[in-house]
Amino acid sequence: MKKITGALALLFITTIAHAQTTAIKAGRLVDPETGTAAENQVILIEGERIKAIGPNLEIPPGATVIDLSKLTVLPGLVDAHTHTAITYKEQPENITTTSLT
């Protein structure tokens with residue numbers, strides 16, 4: 001029983017150590033709650049959770065870095081205004097027919 005418990009503890013520690021870390025460098029980060037924007041922010045994400053946000057945060061070695069330092073980041077905004085459904089062109093390669101028989 002002790003060996004099983006020890007093995008499970010080791011597996012748990014190993015899983016935590018290998019959690020994917022992502023660092024997003026934001027040129028400006030908008031805080032919709034306060035209506036303010038902060039310059040040169042870093043967002044650290046471990047797994048699926050945001051762990052820290054702030055300027056000059058140390059990016060852990062091996063982290064995936066997404067460089068948006070020339071852009072403004074607005075959390076939670078989804079651009080639902082698209083024109084993907086109106087790109088139809090009258091050309092034979094855009095017309096597909098399927099026979100149901």
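The structure is a predicted model. The protein chain holds one helix and four strands. Its mean pLDDT is 76.

**Overall fold**
- Starting at the N terminus, the order of elements is α-β-β-β-β.
- The protein chain has 101 residues, and 15% of them count as buried.
- Among contacts with a separation of 6 or more, 47% join residues 24 or more positions apart.

**Confidence**
- A pLDDT of 70 or more is reached by 59% of the residues in the protein chain.
- Residues 5–12 have a pLDDT below 50. Beyond near neighbours in sequence, this stretch makes zero contacts in the model.

**A look at Leu44**
- Leu44 lies in strand E2, which covers residues 36–46.
- Leu44 counts as buried because its relative accessible area is 12%, under the 20% cut-off.
- Leu44 and Ala23 are 21 residues apart in sequence, yet their C-alpha atoms are 4.6 Å apart in space.
- Leaving out residues up to four places away in sequence, Leu44 touches Thr22, Ala23, Arg49, Ile50, Lys51, Ala52, Leu57, Glu58 and Pro60.

Conventions:
Residues are numbered from 1 along each chain as its sequence is written. This is a predicted model: local features need pLDDT of at least 70, side-chain atom pairs count only at pLDDT 80 or more; totals for chains, interfaces and linings use all residues. Side-chain values use heavy atoms; hydrogens and water are left out. Helices (H or I, at least four residues) and strands (E, at least two) are DSSP runs, numbered from the N terminus. Buried means under 20% relative accessible area, exposed over 50%, partly exposed in between (1.4 Å probe, protein chains only). Contact means heavy atoms within 4.5 Å. pLDDT is the predictor's confidence in each residue, from 0 to 100.
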